[in-house]
Each structure stands twice: as structure tokens, then as C-alpha cells.
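Visitor: I am new to this structure and would like to learn how to read it. Could you walk me through it step by step?

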Amino acid sequence: FFQMILTVFLSNNEQILTEVPITPETTCRDVVEFCKEPGEGSCHLAEVWRGNERPIPFDHMMYDHLQKWGPRREEVKFFLRHEESPAESNDQ
């Protein structure tokens with residue numbers, strides 16, 4: 001049984017964070033649900049690497065995603081954005 005811990009920053013100043021347990025079955029949506037406040041509206045998970053931010057699709061498998069970064073994973077930061085994902089809002 002493999003588990004990783006994903007650190008997700010809940011605000012831009014990187015002072016508030018939460019640690020999310022990730023298993024091979026964990027989706028991005030699971031991470032967002034874990035991080036957001038009860039009753040909070042649309043949120044999405046964004047990854048920031050070298051100043052580039054991109055939203056992660058809700059159906060993305062996070063374990064595989066983190067594995068793909070390999071040793072660069074230390075350089076990537078994940079933020080909970082308290083707004084609808086630009087990618088998701090197109091589907092609605």
C-alpha cells in the first residue's frame with residue numbers, strides 16, 4: 001500500500017497549508033474536497049512550477065501525476081484556488 005503526502009497551500013502567502021494523503025486511487029477532485037472548507041463553492045487545484053501556473057483537471061490521478069514529476073517534484077507547489085477552474089468551467 002503506497003501513500004504519499006501532498007502539501008497543498010491554501011493561500012498565496014504559503015503560510016497556510018494542509019497535507020493530503022495520496023494513494024494510487026486519489027483524484028484531483030478528492031484533493032480539492034479534502035482541502036476546501038465545508039460549504040465552500042467552486043475550488044480547483046493549481047500547480048506552480050518555475051512561475052507557471054496551470055489548473056489540474058478534476059479527474060486527474062494525483063499519484064501518477066506526482067510520479068511523473070520524478071526528482072523535480074520538490075520544485076512544484078500545489079495551491080488550492082478558491083474559484084472555478086478555467087478548464088472545468090468550459091464543460092458545464
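This is a predicted model: local features need pLDDT of at least 70, side-chain atom pairs count only at pLDDT 80 or more; totals for chains, interfaces and linings use all residues.

Visitor: How many bridges join S1 to S2?

Guide: Strands are DSSP runs (E, at least two residues), numbered from the N terminus, and two of them pair if DSSP finds at least two bridges between them. Here S1 and S2 run antiparallel and are joined by six bridges. Leu 6 stands opposite Val 20 in S2. S1 is also joined to S5, by two bridges, and these two strands run parallel; there Val 8 stands opposite Phe 78.

Visitor: Which residue in the turn between S3 and S4 has a positive phi?

Guide: That is Arg 50, with a phi of about 50 degrees, in a hairpin that has two residues between its strands. S3 (residues 44-49) and S4 (residues 52-55) run antiparallel with four bridges, and Trp 49 stands opposite Asn 52.

Visitor: How many aromatic pairs does the structure hold?

Guide: A pair of aromatic rings is described by the distance of the centres and the angle of the planes. Rings of Phe, Tyr and Trp (its six-membered ring) pair if their centres lie within 6.5 Å; planes under 30 degrees apart are stacked, over 60 edge-to-face, and the rest tilted. The structure holds two such pairs. In one of them, Phe 9 and Phe 79 have ring centres 5.4 Å apart and planes at 35 degrees, so the pair is tilted. Phe 9 lies in S1 and Phe 79 in S5, so the pair ties together parts 70 residues apart in sequence.

Visitor: Where is Ser 11 found?

Guide: Ser 11 is in the loop between S1 (4-9) and S2 (17-22). Its side chain makes a polar contact with the side chain of Asn 13 at 2.6 Å. For a polar contact, N or O atoms lie within 3.5 Å; within protein, one must be able to donate a hydrogen and the other to accept it, and residues adjacent in sequence count only if both atoms are side-chain atoms. Leaving aside residues up to four places away in sequence, Ser 11 touches Ile 16 and Phe 79, where contact means heavy atoms within 4.5 Å.

Methods
Residues are numbered from 1 along each chain as its sequence is written. Side-chain values use heavy atoms; hydrogens and water are left out.
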